[in-house]
Amino acid sequence: MEKPTGPIAIPAQIVVKDLADLLKISVNEVIRNLIAAGVFASINQVVNYEAAAKVATEIGYEPEEALVAVPTGAAIRPEAATIGAKTAEQGRIVRPPVVTVMGHVDHGKTSLLDAIRNTRVAAGEAGGITQHIGAYQVEVNGRKITFLDTPGHEAFTAMRARGAQVTDIAVIVVAADDGVMPQTQEAIDHARAAKVPLVVALNKIDKPGANPDKVKQQLADVGVVIEEYGGDVICAPVSAKKGTGINELLEMLLLVADIEDLRANPNTRAQGVIIEARLDKNTGVTATALIQEGSLKVGDTIVVGTVSGKVRAMFDDTGKRIKKATPSMPVGILGLSEVPEAGDILTEVEDEKAARALLQQRRNAAAAAQNAISLDTLYMQMQEGKVKELNLLVKADVQGSIEALRHSLSRAGTETLKVRLIHDAVGNVTETDVHLASASKAIIIAFNVKVDGPAQRVAANEGVDIRTYTVIYKLVDDIEAALQGLLEPVYKEQVDGHAEVIQTFKAGKRMIGGCKITSGKLTRSSRVRVMRGGKEVFNGLIESLRRGKDDVREVLSGFECGILLEDYNDLQAGDIVEAYSMVRV
């Protein structure tokens, strides 16, 4: 039966089952298309408009966003599945903001986190902090704020690279006596790439050499314009050492949270992100999760990444045992069978059967999903609507090169595909650069610099495209060619196998070589070269491979076969037949 096509209105959030009904296709087909788009969702989970629109487009519809709201986030409990969209939306309540602190080394990130923790930890916690779980909550005017106690943009970006968007607000710590430094710029770029609002904490204002006005001007020079200068970035002067300005900073964070209108539904199945995990000799696997939607309870069955388990016990950031964790709450969990990775997605499911099904979904999706962007595939992904902007991360030998590259790249791009420079700096390509590129789906440009060994390994594992150049016009030509789908692919030769000719046979006018495969394999479509006495005497294709009387597709090492080469009848005993292929780099 032909599927319906044409315009279709899709709400901002929709349950997978309802999406299937709306598109008049099966739930399985919806889930398959979601997995292909890199979205993992089961029948009762909610997906956003972007994900639903991809499914609709794939089957021929022309989606547009409807002015109807339904709940976002995790799977809806069976008893809540029948609640109408309006009622469910009313169930979304204001949740505490999740804050990450970043900045240059020695500017006071850790000191600020300690000052906040020591002065504003929720009342009634006599005995102090007894359990470090990588995050904590503070209370301000009866409202809570969650801080991730993993300062630094490396951890922040590593979680983004694994698909987890954890942070709501990024606090950039800048020392008033030191100003904007390279790592300050890096932290700003990482926060911008994640598209989270910034708040500047101007630290060390009590030091004799402090010059707040100079720092504010430096921030404006790198594109961070504070409110005092007519911008929209809040700047809070503080002294982490003396505890000055901490209350005001916390109140500013709540103000930003109010503007962002952060909400979650505590009445759905729990969904969250792993912040850190470890193996403890006494308690076994301990994982810290940040709950983002729903409520997690002791006894719930959960899937974390590709690991499953049942919540045996939970404790909060003070070490106190709890039975229930709500949105934006960091919680330590016992009960997983293996140690998950930071950034893994936690999903509560109905039972072990559902856990097995979701695990299989995720494994299949991990094997099939290829989210990496490369210049070679850019035009194709652009045509498919998967890419609307080309993110570039540039590392160069000197600042002058960066300025020239910025100028040249600013003119590249088209109406349908914008070129966006997410980060640039002087120096070799590092592992941190690769993590940022992976999280932002960016291509790295290395101009007259090297790529560090660890960065090469991480790039290979995460599929990050690193391009090295020594001439600016060649770089710009490649970018423009990629935007127009004209980039010539680069190939390298790969040897697939060797065979030795033991004897030859005549078959009419044709010469068949009786061979033994000495390494690798030969296939019927292989391109081969015949080597005799170290010299190449033929380069062409295999016409047929035979074992006994049968034509075969391939022959592996250790086996014998008959080879007939295309347009070549001069095989001799002792010849070496080398099979090779051209692999796209």
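Predicted model: local features only at pLDDT ≥ 70, side-chain atom pairs only at ≥ 80, totals over all residues.
Trainee: Let's start with the overall picture. How many helices and strands are there in the protein chain?

Mentor: The protein chain has 15 helices and 33 strands. Of its 585 residues, 49% count as buried.

Trainee: What makes Tyr-136 and Phe-147 a stacked pair?

Mentor: Planes under 30 degrees apart count as stacked, provided the ring centres lie within 6.5 Å. For Tyr-136 and Phe-147 the centres are 5.9 Å apart and the planes are at 25 degrees, so the pair is stacked. Tyr-136 belongs to strand 7 (residues 135–140) and Phe-147 to strand 8 (residues 143–148), so the pair links parts of the chain eleven residues apart.

Trainee: Why does Tyr-136 count as buried?

Mentor: Buried means under 20% relative accessible area. Tyr-136 has 1% relative accessibility, so Tyr-136 counts as buried.

Trainee: How do you know that the charged end of Arg-529 sits over the ring of Tyr-580?

Mentor: The distance part of the rule asks for CZ of Arg within 6 Å of the ring centre, and the direction must be within 35 degrees of the ring normal. The charged end of Arg-529 is 4.2 Å from the centre of the Tyr-580 ring, and it is placed over that ring.

Trainee: Which residues touch the most other members of the largest nonpolar core?

Mentor: That core has 28 residues, and those touching the most other members are Leu-112, Ile-116, Ile-145, Phe-147, Val-171, Leu-250 and Leu-253. Among the elements giving two or more residues to this core are strand 7, strand 8 and helix 5 (109–120). Helix 9 supplies the largest share, seven residues.

Trainee: What is Leu-112 in contact with, leaving aside its neighbours within four places in sequence?

Mentor: The contacts of Leu-112 include Val-101, Val-171, Val-173, Ala-201, Ile-246 and Leu-249. Another core, of 22 residues, lies apart from the largest one; among its members are Ile-10, Leu-34, Ala-51 and Ile-59.

Trainee: What makes strand 10 mostly covered?

Mentor: Six of its six residues are buried. Leu-198, Val-200 and Leu-202 are on one side of strand 10, with Val-199, Ala-201 and Asn-203 on the other, and they are all buried.

Trainee: How many bridges join strand 9 to strand 10?

Mentor: Two strands pair if there are at least two bridges between them. Strand 9 and strand 10 run parallel and are joined by six bridges.

Trainee: Which way do strand 13 and strand 14 pair?

Mentor: Strand 13 (residues 271–280) and strand 14 (residues 284–293) pair in the antiparallel sense, over nine bridges. A hairpin of three residues joins strand 13 to strand 14, and Asp-280 stands opposite Gly-284 in strand 14. Strand 13 also runs antiparallel to strand 21 (residues 345–349), with three bridges between them.

Notes
Residues numbered from 1 in each chain as written. Heavy atoms only, no water. Helix = DSSP H or I, 4+ residues; strand = E, 2+ residues; numbered from the N terminus. Buried < 20%, exposed > 50% of the residue type's maximum accessible area, 1.4 Å probe, protein only. Phe/Tyr/Trp six-rings, centres within 6.5 Å; stacked < 30°, edge-to-face > 60°. Core = buried A, V, L, I, M, F, W, Y, C linked by side-chain atoms within 4.5 Å. Contact = heavy atoms within 4.5 Å.
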